[in-house]
Amino acid sequence: MRPTDHLKDLSADDWNAATRHPFTTALADGTLPKPTMLRYLEQDHLFLAGFVRLLASAIAHAPSLADAIPAAQFLGLITGPENTYFLRAIDALGGDPDTPATPAPVTAEFQALMAQAATSGRYEQMLAVLVVAEWSYLDWAKPYANRADDLPFWFGEWIALHSGGGFEGVVAYLRDQLDTAWHALDDAQRRAVEDTFRHAVTLERRFFDAAQDGFAQP
């Protein structure tokens, strides 16, 4: 079994809850209320700065230039098309993309986990968070890829950003990097990766739970 499959199996209940969530089902059906989508995007956009730092840290700690290049290319996508999508969608849904939202508790906890991984100096810790963040989104979005063109752009483009051959390649790269790093770890380091991976998956589920509830806003 691949190490990343082992890690996913350890978090199977939370993984399945996050990737087959009523929130993403409604998003893909186009039935998610606009205010709910807006609050979700406002919170998700708050991750961008921390994610960029985390990904940049992983690039800096990659074993070789060949290992770093795919992540560097992905960084351009995050800071370009994905950030532009956030700004356009938040504006179209009636929000102010220039005024950051107040982080919800689960958002702040996830931000802290990304910051901890980014400053850990441990490539495998960075990868553990990155793999969860991107693989879980591929898992929920991929079944709906053929719907993207028929939905309003704030739904459809979000699905398209997290599905298709290009994004599948990003996830495959991140998984390969973590699989390779795993084999060089001792038992304590592997347990630490397991803890980080499980924590990240739990936060993904909790984030979608909070999004479904509109982040407890009336």
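Biologist: Let's start with Gln125: is it buried or exposed?
Modeller: In this predicted model, Gln125 is buried, because its relative accessible area is 11% and the cut-off for buried is under 20%.

Biologist: Okay, and which helix is Gln125 found in?
Modeller: Gln125 belongs to helix H8, which runs over residues 123-141.

Biologist: What is Gln125 in contact with, leaving aside its neighbours within four places in sequence?
Modeller: With those set aside, Gln125 has contacts to Ala117, Ser120, Ala192, Val193 and Thr196.

Biologist: Switching to helix H4. What should its residues span, and how far apart are its end C-alpha atoms?
Modeller: H4 covers residues 34-45, so at 1.5 Å a residue its 12 residues should span 16 Å. The end C-alpha atoms are 16 Å apart, which agrees.

Biologist: How many of the residues of H4 are buried?
Modeller: Nine of its 12 residues are buried, so I'd call H4 mostly covered. Among them are Met37, Leu38, Tyr40 and Leu41, and also Arg39, Asp44 and His45.

Biologist: And Gly30, where does that lie?
Modeller: Gly30 is in the loop between helix H3 (22-29) and H4. Gly30 is partly exposed, with a relative accessible area of 32%.

Biologist: Which residues does Gly30 touch, not counting those up to four places away in sequence?
Modeller: Gly30 touches Leu151 and Phe155. The C-alpha atoms of Gly30 and Leu151 are separated by 6.3 Å, although the two residues are 121 residues apart along the chain.

Biologist: New topic, salt bridges. How many does the structure hold?
Modeller: There are 14 salt bridges in the structure. One of them joins the side chains of Arg147 and Asp29, at 2.6 Å from N to O. That pair links distant parts of the chain, 118 residues apart: Arg147 is in the loop between H8 and helix H9 (153-161), and Asp29 is in helix H3.

Biologist: What about Arg122, which residue does it form a salt bridge with?
Modeller: Arg122 pairs with Glu124, and their closest N and O atoms are 2.8 Å apart. Arg122 counts as partly exposed at 35% relative accessibility, whereas Glu124 is buried at 6%.

Biologist: And Arg191, what is its partner?
Modeller: Arg191 forms a salt bridge with Glu194, again with closest N and O atoms 2.8 Å apart. Both residues lie in helix H11 (residues 187-212), three residues apart, which is about one turn of the helix.

Biologist: Why does that spacing matter for which way residues point?
Modeller: An α-helix has 3.6 residues a turn, so residues three or four places apart point the same way.

Biologist: Last thing, the rings. How many aromatic pairs does the structure hold?
Modeller: The structure holds 21 aromatic pairs. One aromatic cluster includes Phe23, Tyr40, Tyr85, Tyr137, Trp140, Trp158 and Phe215.

Biologist: What sits over the ring of Trp135?
Modeller: The charged end of Arg175, 3.9 Å from the ring centre. In another place, Arg88 lies over the face of Phe153, at 4.4 Å from the ring centre.

Notes
Residues are numbered from 1 along each chain as its sequence is written. This is a predicted model: local features need pLDDT of at least 70, side-chain atom pairs count only at pLDDT 80 or more; totals for chains, interfaces and linings use all residues. Side-chain values use heavy atoms; hydrogens and water are left out. Helices (H or I, at least four residues) and strands (E, at least two) are DSSP runs, numbered from the N terminus. Buried means under 20% relative accessible area, exposed over 50%, partly exposed in between (1.4 Å probe, protein chains only). Contact means heavy atoms within 4.5 Å. The expected span of a helix is 1.5 Å times one less than its number of residues. A salt bridge is a side-chain nitrogen of Lys or Arg within 4 Å of a carboxyl oxygen of Asp or Glu. Rings of Phe, Tyr and Trp (its six-membered ring) pair if their centres lie within 6.5 Å; planes under 30 degrees apart count as stacked, over 60 as edge-to-face and the rest as tilted. A charge sits over a ring if NZ of Lys or CZ of Arg is within 6 Å of the ring centre and within 35 degrees of the ring normal.
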